[in-house]
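Reader: I am new to this structure and would like to know what stands behind the words used for it. Please take the terms one at a time.

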Amino acid sequence: MEISGIIVGQILVGILGDWLGRRWGLIQDATIMFLGLLMLTAAWGVTQNGWVICYVWSLFFYGIGVGGEYPMTATSGMENAVGSGKVSTKEDRLHRGRKVTSAFLMQGWGQFFNQVFLILLLLIFHHGSGNPPYSKLAVQWTYRVSFAIPAVGTLWLVYYRTFKMKSAGKQLAAAKKKSKVTGYDTDSLKLTFTYFGPRMIATAGAWFANDVFFYGNKLFQSEFISVILPDNDSIMPGWLYNLINVGVSLVGYYLASFLIDNKLYGRKRMQMIGFLMDFILFVVPAFNYERY
């Protein structure tokens, strides 16, 4: 449901961000994420099945905001790297990729601190132990506080984007005024697909194929950990392994940010080598499944 919400959010913010402006797209994302976090924090049900239904729909709503944040953050980061009305600057050409990837780098830190908070909250509410059995009180407090903490930060984000980022759509407004359009410029869209269609299909297709096993890997991560620790019934080792996984991901985030604009490496070689290594690392254990 979360992934479905992300897809809906990406489509929705694409329309809103182009028609009404980047600022309103950013405000929409932050507001939906804040409301989604409140829903997740307060999720409840008379039965376990009722709670699960409430939880997954809250996660779907939250996913809409997350999905919108991906394209809106990248687009705003790229547009704000250039002064309004200018085609490009030397500084922009040299460091545009770094500015965009630096925004996504914060996603890695968010995942890291989320896992740290979960571990600390369980230790706090479970009398300093991460081992089962877990009391209902400890589980409830750990679950709800873990969503309440980012809700506070997201509320600040709503305030900041509403009152402190009034020029977030300045670059788009200047482009609309110059082209004398109010929403989508269909002629420009046709030209884009005419001249860059094959590149867009190749790029989108490659990322589609990559995300199939990337998110599949995320969904079945607990299964992989259970193979490493077959007789473990505690949730803490799984969280610690996930913390290591996020830490390794942060190294990748920083390397991408530092090397994406390097003339000896760059974004093209980065994607080629990245996809190749993904292919190798997934195909090798797949063909020798019994060993791995």
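Author: Contact means heavy atoms within 4.5 Å. This is a predicted model, in which local features need pLDDT of at least 70 and side-chain atom pairs count only at pLDDT 80 or more, while totals for chains, interfaces and linings use all residues. Residues are numbered from 1 along each chain as its sequence is written, and side-chain values use heavy atoms, with hydrogens and water left out.

Reader: Which residues is asparagine 210 in contact with, leaving aside its neighbours within four places in sequence?

Author: Asparagine 210 is in contact with Phe275 and Asp278, those neighbours left aside. Asparagine 210 itself lies in helix H7, residues 186-219; helices are DSSP runs of H or I with at least four residues, numbered from the N terminus.

Reader: Why is asparagine 210 called buried?

Author: Buried means under 20% relative accessible area, exposed means over 50%, and partly exposed is in between, with a 1.4 Å probe and protein chains only. Asparagine 210 has a relative accessible area of 7%, so it is buried.

Reader: What makes glutamate 223 count as partly exposed?

Author: Its relative accessibility is 46%, and therefore glutamate 223 counts as partly exposed. Glutamate 223 is found in helix H8. Between glutamate 223 and glycine 238 there are 9.9 Å in space, C-alpha to C-alpha, and the two are 15 residues apart in sequence.

Reader: How do you know that H8 is roughly perpendicular to H9?

Author: The axes of helix H8 (residues 221-228) and helix H9 (residues 236-259) cross at roughly 115° and come within 10 Å. Angles of 65 to 115 degrees count as roughly perpendicular, under 35 as roughly parallel, over 145 as roughly antiparallel and the rest as oblique. H8 is therefore roughly perpendicular to H9.

Reader: Which residues make that contact?

Author: H8 contributes Gln221, Ile225 and Ile228, and H9 contributes Gly238, Tyr241, Asn242 and Asn245.

Reader: What makes a set of residues a nonpolar core?

Author: A nonpolar core is a set of buried Ala, Val, Leu, Ile, Met, Phe, Trp, Tyr and Cys residues joined through side-chain atoms within 4.5 Å. The largest one has 14 residues, and Leu37, Leu40, Tyr62, Val66, Tyr143 and Phe147 have the most contacts inside it. Helices H2 (22-42), H3 (48-79) and H5 (136-163) each give two or more residues to this core, and the largest share, 5 residues, comes from H2. Apart from this core lies another, of 6 residues, among them Leu118, Leu122, Met236 and Trp239.

Key:
Axes are lines fitted to C-alpha atoms, for helices over the stretch in contact, and angles run from 0 to 180 degrees between N-to-C directions.
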